[in-house]
Amino acid sequence: MSDNKSDKPGTPRDTHYAKLRRAHRDQKAGGAPAFRPRQPVPPGEGPADGLVRLYGLHTVRAALDNPRRKIGKMLVTRNAAERLAIGDLAALPFKAELVEPKDIDRITGSDAVHQGVLIEAEPLKPKRLDALGDTRLVLVLDQVTDPHNVGAILRSAVAFGAGALITTARHSPQESGVLAKSASGALEHIDQIEVKNLADALGQLHEAGFQTIGLDSEGPAELEKTFAGDKIAMVLGAEGKGLRQKTRETVTALARLDMPGAIRSLNVSNAAAVSLYAARKFLG
């Protein structure tokens, strides 16, 4: 028996000979098998009225940990259940079924990164503006409609300790799997407030002691030089059109992010992250 370590299984020599054997088999069989791309699976029917489907490990874990979230059903693969530390599906307070990834693909479509888990649940109920609480930092969206952007904004808002996200009841995305996946669990960690009239809501924020700052690439002053007081509400507009005129007239101040590079504006979710960082730094 040889004492040469290179003869042991799993060594580079072993891997090399394994490749040679594979190549020889492929040659005898007429060549390597042809590559067959995976056929995309379209999304199935949507959830029943009054329910949303949420998927992804971070999203579902946060939903499971949120006592306000009412879950009705879970589909989960064996691997995802292990990663979520779910030992006994029967012990969960809702129906849970062990499935294969393709079973979830048939519901979400194969383009959705579900990571082997999906739940059906009731959407979280938005709060009223008068339930804002004692937070010192909030984020206000003026008709930002892309669920990917709103999800990313939610994630940044939670990361920088914003107490609430304020949106309009119309021209804002509803809770969905896409939004929740983009938020990566943040949906469960921040109050969401819906208002009918944004200008009136900004007036209420002023009465509550908030300085409202509208972010505008052509704002007259740099954001860092605009902060004042001990309560800040950052106001961001939709991609392309930005803040509406009525919003621009209502906010305490308009400010810009100082960007010395050739590009003078950022995606709204990136702008939200930068402005929240600056506001949090000012508030200490």
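Okay, let's start with D65: this residue is exposed, with a relative accessible area of 52%, which puts D65 in that class because exposed means over 50%. Keep in mind that we're looking at a predicted model.

So who does D65 pair with? Its partner is R61, and their side chains form a salt bridge at 3.2 Å, N to O. R61 is partly exposed, at 31% relative accessibility. Both residues sit in helix 2, which covers residues 57-65, and they are four residues apart, about one turn of the helix.

Next up, E175 and R69. Here the salt bridge is 2.6 Å, N to O. E175 is in the loop between strand 6 (164-168) and helix 6 (177-183), and R69 is in the loop between helix 2 and strand 2 (71-76), so this pair ties together parts 106 residues apart in sequence. Are these two buried or exposed? Both E175 and R69 are buried.

Now for K127 and D191, whose side chains meet in a salt bridge of 3.2 Å, N to O. This one links distant parts of the chain: K127 is in the loop between strand 4 (117-121) and strand 5 (137-142), while D191 belongs to strand 7 (residues 191-195), 64 residues away. K127 comes out partly exposed at 31% relative accessibility, and D191 is partly exposed too, at 21%.

Terms used:
Residues are numbered from 1 along each chain as its sequence is written. This is a predicted model: local features need pLDDT of at least 70, side-chain atom pairs count only at pLDDT 80 or more; totals for chains, interfaces and linings use all residues. Side-chain values use heavy atoms; hydrogens and water are left out. A salt bridge is a side-chain nitrogen of Lys or Arg within 4 Å of a carboxyl oxygen of Asp or Glu. Helices (H or I, at least four residues) and strands (E, at least two) are DSSP runs, numbered from the N terminus. Buried means under 20% relative accessible area, exposed over 50%, partly exposed in between (1.4 Å probe, protein chains only).
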